[in-house]
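Okay, thanks everyone. Let me put the model up, and then I'll talk through a helix pair and a strand.

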Amino acid sequence: MTDTVDAGPAAEAPAVDEVIIRFAGDSGDGMQLTGDRFTTASAMFGNDLATLPEYPAEIRAPAGTMAGVSAFQVHISDHDITTPGDAPDVLVAMNPAALKSDLHTLVPGGTIILNRDTFEERNLAKAGYDHNPIDGDDLAGYQVIEVPMTTLTKDACKELGVKPRDADRSKNFFALGLLSWMYSRPIEATLDWIEVKFADRELVAAANRAAFNAGHAYGETAELGSQRVVVRKAPLEPGTYTNINGNTALSWGLVAASQLSGLPLFLGSYPITPATDILHELSKHKEFGVTTFQAEDEIAAVGAAIGASYGGSLGVTTTSGPGVALKGEAMGLAVSLELPLVVVDIQRGGPSTGLPTKTEAADLMMAMYGRHGESPVPILAARTPADCFNMAIEAARIALTHQTPVILLSDGYLANGSEPWRLPEVADLASIDVVHATEFNQTNEDGEGVFWPYLRDENLNRPLALPGTPDLMHRIGGIEKEDGTGNVSYSAENHELMVHLRHKRIASIPVPDAEVDGDADADLLIVGWGSTWGAITGAVRRIRTAGRKVAHVHLTHLNPLPANLGDLLRSYRRVMVPEMNLGQLSRILRAEFLVDAEVLSKVKGQPFTAGEIQHAINQRLDELAGEGS
Amino acid sequence: MTDVLDAGANREADEVPATTRADWSSDQEVRWCPGCGDYSILTAMQLLLPELKARREKTVFISGIGCAARFPYYMNTYGVHTIHGRAPAVATGLAMARPDLDVWVIGGDGDMLSIGGNHLIHALRRNINLNILLFNNQIYGLTKGQFSPTSQKGKVTKSSPVGLVARPFNPISVALGAEATFVARTHDMDRQHMQDTFRRAYEHEGSAFVEVLQNCNVFNDGVFSTITKKDVRDDMLIELNHGQPILFGSEKQYGVALAPEGVVIVDVAKLGIENVMVHDETIRNPSTAFSLSRIAKTPATPTPIGVFRAIDRDEFSSSVAAQIQEVQAQLGKGDLGDLLRSQPTWEV
């Protein structure tokens, strides 16, 4: 806390550079919505931010139990940040279960704001407490602010004619009002949102508004003034910003790719967490000519996308790991047909149903090798929520210009997490040039023009003639075909040629060189992929600020790998790969480049924190220093 | 967008050049076993399409895996030989993306009723514009003789050496259970009947399902010969003709009548022609057609062929396209810049 700013009427609040708040409550308490509104207000205020929504797989687990706890963590700051934060400074606990489940995440000495009304016998028992933690020593060392939120919300709603039971449902807005006051958030955006969201339910709107205002006023009247701070605007690059989550960004990227290529977007999909929001989002955008097809199963979803792609659409299928497993055979067909296809895998904890609502990044090996036969496909991975937009365009670009299925990897953390995104200028987005064959490309022995569907160009790509093109009728299929003519061929030599051609044409797709962030002359190189970018970047910044040297390379293209990667890896003494799996990229790097890449693994259904990676890097740097050079 | 994607609408306007069977035959050597029923189905198709004044470049055959699924390779049209069971799914995406095309789906009993059963019933449920031909030979041929989901109970095959335990699907009943809007049966011994049936399927708006009884002379020879051979046909095939009394037998001495327990075979002389059922393929409730599909318990008893059901219902892909057009008429074509600014934004 360094200085003060005018942050509201009669408020002179001291400034802090960042704060991490965790809203936790029962699934039915509306914690995701509360976090989301707080985030939007902070984004519009001008903070940099990152969020981590965490919710159970059940829609309504038994109320009040540990299984039903839903949490939303948001990190807001006056400077550039890359993660939702290591440990919250503030825990908002709407019930005993939320306190019990999330207390351990709080920083020592952190602030707990709890709904006093719920700390009674029944809820304490449901959470497994044999005593009331408010009265015991459990919370010693923390700053505890007890607020009878339920009572105060009901009081605020009494005169509106809202039934007490309904008023109870507005208590999350009380919490939001209180937190908005404590962190000097602008309140207009939230009040406007309530107005619009509940336009056709005036009583609900009135209750939520009353609860929000009551929470806001409570800070003042309860003399919590010493708690009030402000987190000032972050110096972001000039531009127009919006707060975006990964699944929305990915959906918009697919729409953009359709516009940039001039091909209609066809999405074949089957509902699966955490990918379903992409189906929802794209279903809303028929004005872009987007066709969404909710298929009877995962296989039909990819099959239909292949059919649409064959017909000249941008064919896309979106799913999570279990769905990719089911689509494997059809993806192999697309490899053999050499048709464009984008397969989006929003990874989640596995195997099997695993942790559907929790994040993991353990599908890399499946993406690389999860089809029978030699069946190479390009693989991309998004690194932040907003980056999902760019990577969706890049996936479509590779698919359409190299006529191949492409796998785009995201994960539950990116899908639901959000960050401020500086909107690109549409005019700056490069077009995707798609060429379809319209003429014969070969002459037969009688001197007549014929069309060979597997006659390759200089990049080893085959021509695509869409059905409907006069004279170019031809047949393609999953059976091995003769290079050139495309006719069914069981020839041993031809099969070997085709296996090599399929491998080579994917391996030679140009991808950007890997770039080193940090110290080129460090001993230790951190190699990351996907959503670990935020935590690794945060850790590397801290280590370098502390005066130690470390380098970071983040891979967005996992197949083929950047051409300069081997040389880069070999130029460092040690290579460490933080991954949300047991070491899948590290194994690929060892196999491809014969380097001793070590894995830093985390498979807890949660993303790495910067602190965890920072700790591991420091340990390794200490050892390297001990070994000497 | 390419010209091909835009050109679909003009199809009716242009003169269709006359074609012959040769124009519809690809240059590939046909590789079914000599004597296979598939040959006559292929011939029927290659003879029919010129008559329909179809365009080769607008015609696509999509197949799964199995002997039947090799069909597209022999047609000089566009074609995709996909993977086992998934032809209706791939064809659905194509038909949605390209309503200007005539899309035919070819598969066998294993392909469409076993591994791909789910895709078949959902294609039929949606009523998407596909002509689906199921070549039913009651056996797995390409894997050399295992029972299929249409094999009769007790059937001895390589995978049921002491007799098949399970009961078979009746493909017509399955299609009617999915409330398909067009359901028909024909057989490989009668080219004219095949052509007539395929023509009706082609002309139908929506999913058209045709079961073709097809002989596998290597692994299941003669399984339909008790009903389809020329000398028994009159007594064993019950031809369904819309608006006509359902009669069969060399002297039309047998008929079909509605009894309390369902549809039954009757002696016309005893019951009187006025009590014989008049076939109406347009009844919206599929129960009557379903009842007809249950007359034959095995391929050794009189079996109806022809069109069981043909009704009008909204076609899926055009309904999906209509929703898109409605939204575009209402909101105009989407603008990417507007989309990016559709959530709250702020300036820095």
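So, helix α1 of chain A, residues 31-45, and helix α6 of chain A, residues 171-182: their axes come within 10 Å and cross at roughly 30°. Axes here are lines fitted to C-alpha atoms, for helices over the stretch in contact, with angles running from 0 to 180 degrees between N-to-C directions. Helices (H or I, at least four residues) and strands (E, at least two) are DSSP runs, numbered from the N terminus. That makes α1(A) and α6(A) roughly parallel, a label for angles under 35 degrees.

Quick housekeeping: this is a predicted model, where local features need pLDDT of at least 70, side-chain atom pairs count only at pLDDT 80 or more, and totals for chains, interfaces and linings use all residues. Residues are numbered from 1 along each chain as its sequence is written, while chains are lettered from A and ligands numbered from 1 in the order written.

Now over to chain B. Strand β3, residues 102-108, has seven of its seven residues buried (buried is 20 or more other C-beta atoms within 10 Å of a residue's own, with C-beta atoms placed from the backbone). On one side you've got B:Asp102, B:Trp104, B:Ile106 and B:Gly108, and on the other B:Val103, B:Val105 and B:Gly107.

What about its neighbours? β3(B) pairs with strand β1 of chain B, residues 59-63, in the parallel sense over five bridges; pairing takes at least two DSSP bridges. Strand β4 of chain B, residues 131-136, also pairs with β3(B) in the parallel sense, over five bridges. Look at B:Trp104: B:Phe61 stands opposite B:Trp104, and B:Trp104 stands opposite B:Asn131 in β4(B).

Technical notes: Parallel < 35°, antiparallel > 145°, perpendicular 65-115°, else oblique. Buried ≥ 20, exposed ≤ 12 C-beta atoms within 10 Å, placed from the backbone.
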